[in-house]
Amino acid sequence: ENIVVVGLGYIGLPTAAVFASRKKRVLGVDINVKAVNLINQGEVHIVEPDLDMLVHAAVSEGYLRASTSPEPADAFLIAVPTPFKKGVAGHEPDLSYIQAACESIAPVLEKGNLVVLESTSPVGATEQMADWLADARPDLSFPQSVGSASDIRIAHCPERVLPGHILRELVHNDRVIGGMTPDCSRAAVELYGSFVEGECILTNARTAEMCKLTENSFRDVNIAFANELSIICDKQGIDVWELISLANRHPRVNILQPGPGVGGHCIAVDPWFIVSGSPEEARLIRTAREVNDGKPEWVCGKVRGLASELIGSGQVSRDELSIACLGLSFKPDIDDLRESPALQIAQMIAEDFPGKVMVVEPHINQLPGDLRRFDARLASLEIALDANIVILLVDHKEWKQLKMSLNMDQRLLDTRGVVDPR
Ligand code: SAJ
């Protein structure tokens, strides 16, 4: 069986490699020529535990190849990004990458093929994908017009793996499989059955789309609850981490952890797809997004307050003031800075206090340009802990057991509850 995977990012490449490890012949397709060349040399362009070994083995055994254009196959998997349109009010989903993927595979489609949309998508995207394919190939029949008798079978099978644990979760997580007809679902189950050890559960495409959005919105709403509590507790002089651990002793309470905001490409994006599809109804989901998106600015306000306090009381002069940011990535123990609230905060602080900011980030060796522009610099943890204001932004394992004793001219802002206040 031959499989084409379109999009060789954090989802597509691991999926392609796992299929190849089960002795399927896989062609990975991406518009990024550099990534294609690297993969063909058995190397990878993304950081994910064990992925390099898996890709290397699959390429050297001849089961995995990469190219910038698709070839005929039995099944096509689409794993391209679905961002929202930046700057557009209402955070409209941008399906242009799916459309481009459809245009690239349509010419090589043959009767009997299965096309699976894996990208996280707004409700209706799978039907839209089928329409794009049907428009490009009037000689073939599709489920939206002929039902189960269609030449091409189409399903949505959203990915729910956690970055950092992708290879394990790909195999062990349950999979929700939503076909446009029951036949389409069955064809997709057969395909995934070659490596998924979790349960494959059948539904329709719209429910599968909504299911994925619901999972990430559930997490977003629950993190927003924790973030709102942290702001309330700060005002009331209560330690929010102590509060949450006490409340979580209740058998039916399980509050998540507050932080500097919510980052990554999934949890901070997917809820907007529900909001833009049902703007009147999705009130809680929208508010949760706003609460989480507002948290970086709240943290910056706290830092400005601490700086005025230190300067106003004469503890330190404005010229001498130093500020340290511990962590930049969007979550612990990874190098991924994309959509990171920690990075956003460090940038805002560096802009407010040019030349005074140092950053500790063990997973990178050069600061992003925006930080360098305001003369921020990378520092060691030891030096950073002498800064007047220390902002803990990411709970990397390097400082999980961090012990600090603060001098009179020092303040700590721990957004992750790592340092025991005692
Ligand atoms: N965060 C908190 N407090 C918490 C938990 C997380 O502030 O208690 C923050 C993190 O620091 C981070 C953000 O939320 O900035 C998101 O991190 P995450 O670890 O919760 O999730 P992601 O974005 O790495 O992966 C999520 C997962 N979804 C769910 O857990 C419901 C993953 O299973 C999905 O496959 C992935 O989104 C995706 O691709 O959609």
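**Reading the domains, ligand shell and a helix pair**

Modeller: The UniProt annotation "transmembrane region", from an unreviewed entry, covers residues 3–20. UniProt positions follow the numbering used here, feature names are shortened, and annotations may be inferred rather than shown by experiment. Residues are numbered from 1 along each chain as its sequence is written. The model is predicted: local features need pLDDT of at least 70, side-chain atom pairs count only at pLDDT 80 or more, and totals for chains, interfaces and linings use all residues.

Biologist: How far apart are the end C-alpha atoms of residues 3–20?

Modeller: They lie 9 Å apart, and the span is 50% helix and 22% strand. Helices (H or I, at least four residues) and strands (E, at least two) are DSSP runs, numbered from the N terminus.

Biologist: Into which domains is the protein chain divided?

Modeller: Domain bounds come from an automatic or database domain assignment. Here they give domain 1 (2–198) and domain 2 (258–414). Their centres, taken over C-alpha atoms, are separated by 35 Å. Twelve residues of domain 1 are in contact with 13 residues of domain 2, contact meaning C-beta atoms, placed from the backbone, within 7 Å.

Biologist: Where does the ligand lie?

Modeller: The ligand lies between domain 1 and domain 2, because both give residues to the shell around it. Of the 19 residues around the ligand, those that come nearest are Leu-256, Gln-257, Gly-259, Gly-264 and Cys-266. A residue is near a molecule or strand if its C-beta atom, placed from the backbone, lies within 6 Å of it. The shell has nine nonpolar, six polar and four charged residues. Ala, Val, Leu, Ile, Met, Phe, Trp, Tyr, Cys and Pro count as nonpolar, Asp, Glu, Lys and Arg as charged, and the others, Gly among them, as polar.

Biologist: At what angle do helix H4 and helix H5 pack?

Modeller: Two packed helices are described by the angle between their axes and the distance between the axes. For H4 (residues 96–105) and H5 (residues 125–136) the angle is about 35° and the axes are 9 Å apart. Axes are lines fitted to C-alpha atoms, for helices over the stretch in contact, and angles run from 0 to 180 degrees between N-to-C directions. The contact includes Ile-98 and Cys-102 of H4 and Met-129 and Trp-132 of H5.

Conventions: Two residues are in contact if their C-beta atoms, placed from the backbone, lie within 7 Å.
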